[in-house]
Amino acid sequence: MPSDLPPTSAAPVLRVEELTLAFGGVKALAGVGFAAQPGSITAVIGPNGAGKTSLFNTISGFYRPSAGRVRFEGADITRVPAPRRAAMGLARSFQNIALFRGMTVLDNIKLGRHAHLKTNVFDALFYLGRARREEAELRRDVEERIIDFLEIDHIRHASVAALPYGLQKRVEMARALAMQPKVLMLDEPVAGMNREETEDMARFILDVRREWGITVLMVEHDMGMVMDLSDHVVVLNFGQVIAQGTPQQVQADPEVVRAYLGAGDVGELRRKLRREAVTP
Ligand SMILES: Nc1ncnc2c1ncn2[C@@H]1O[C@H](COP(=O)(O)OP(=O)(O)OP(=O)(O)O)[C@@H](O)[C@H]1O
């Protein structure tokens, strides 16, 4: 079970309020709200088409909601462009890996740092000498820590395209971590992984929170992993939050079970519920 949870009275690092988003006549999000406490792991689940990806894209700034707000560390960032949000500390991975496949692992990780590069001409002119060297050293330090942390030292010079899927997902996480985020958004981090790869990724996610103090927000279909890792689970169906709370609370919620039954997507949740029922 998750340990060393932050006090529930802490100000949320991320909060979405009444988010609404429509594609033509389809309401992908209809008044979605939840909050992620600092240092917590929050999972967004729901049947296919429930609005999870739309929610992720709205939080990271790829979609502009028609109503509602996204707050990051208390500030309203609803109208802040995606790259700026990344630079503020909201990093994400993608459902389909978005790495530069022809480049090496190390070069992909270095690209993660670009969110922090100075863009202001005035800054750039004076950004010389010692300060620059210090930053380069600091950057190398961060890269080395990440490579060590994710156990990818042996593949640092390998081309991403040549790597197995599980390792590519790990490299994507490394690139997101290189942005030194406050909130790490993971879109289906274990989709398509075998059992061993899934267990490795679950361990890394827990460690990201424990060792780096990073808040994690993930969309994931693997119910076993969601229930084992999360402090808070938000359940979406038809663009609305139908339940949220601890894993125990949402598993016991009849509407959640109904939503999964109705979608014919009950396999994993049911297996998990059965496992919980027989385990004292
Ligand atoms: N770009 C788009 N154009 C039109 N409709 C869209 C678009 N993206 C999503 N939708 C619709 O919005 C609703 C929510 O879709 P979304 O992809 O957010 O769900 P999801 O929970 O992520 O599903 P999945 O688990 O299958 O990835 C669905 O009805 C979907 O068809």
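Two strands pair if DSSP finds at least two bridges between them. Strands here are DSSP runs (E, at least two residues), and helices are DSSP runs too (H or I, at least four residues), numbered from the N terminus. The model is predicted: local features need pLDDT of at least 70, side-chain atom pairs count only at pLDDT 80 or more, and totals for chains, interfaces and linings use all residues. Residues are numbered from 1 along each chain as its sequence is written.

**View 1. An open sheet of four strands.** The strand order is S2-S1-S4-S5, with antiparallel pairing. S2 and strand S5 (75-76) are the edge strands, each pairing on one side only. Strand S1 (residues 14-23) and strand S4 (residues 67-72) run antiparallel and are joined by five bridges. Arg15 stands opposite Arg71 in S4.

**View 2. The shell around the ligand.** Phe23, Val26, Ala28, Gly46, Asn48, Gly49, Ala50, Gly51, Lys52, Thr53 and Ser54 surround the ligand. At least two shell residues come from each of strand S2 (26-36) and helix H1 (52-60). H1 gives the most, with three residues. The shell has four nonpolar, six polar and one charged residues. Nonpolar covers Ala, Val, Leu, Ile, Met, Phe, Trp, Tyr, Cys and Pro; charged covers Asp, Glu, Lys and Arg; the others, Gly among them, count as polar.

**View 3. Where the two domains touch.** The domain assignment (automatic or from a database) gives domain 1 (8-89 + 182-280) and domain 2 (99-180). Their contact takes 10 residues from domain 1 and nine residues from domain 2. Residues are in contact if their C-beta atoms, placed from the backbone, lie within 7 Å. On the domain 1 side, helix H2 (82-88) and helix H7 (195-212) each give two or more residues. That side has eight nonpolar, one polar and one charged residues.

**View 4. The largest nonpolar core.** Such a core is a set of buried Ala, Val, Leu, Ile, Met, Phe, Trp, Tyr and Cys residues joined through C-beta atoms within 7 Å. Buried means 20 or more other C-beta atoms within 10 Å of a residue's own, placed from the backbone. The largest core has 67 residues; Ala174, Leu184, Met185, Val216 and Val235 have the most contacts inside it. Helix H6 (residues 165-177) gives the most to this core, with six residues. Domain 1 and domain 2 both give residues to this core, so it lies between them.

**View 5. The surroundings of Val235.** Neighbours within four places in sequence are left aside. Val235 is then in contact with residues including Ile45, Gly46, Val241, Val250 and Ala259.

Key: Contact = placed C-beta atoms within 7 Å. Near = placed C-beta within 6 Å. Buried ≥ 20, exposed ≤ 12 C-beta atoms within 10 Å, placed from the backbone.
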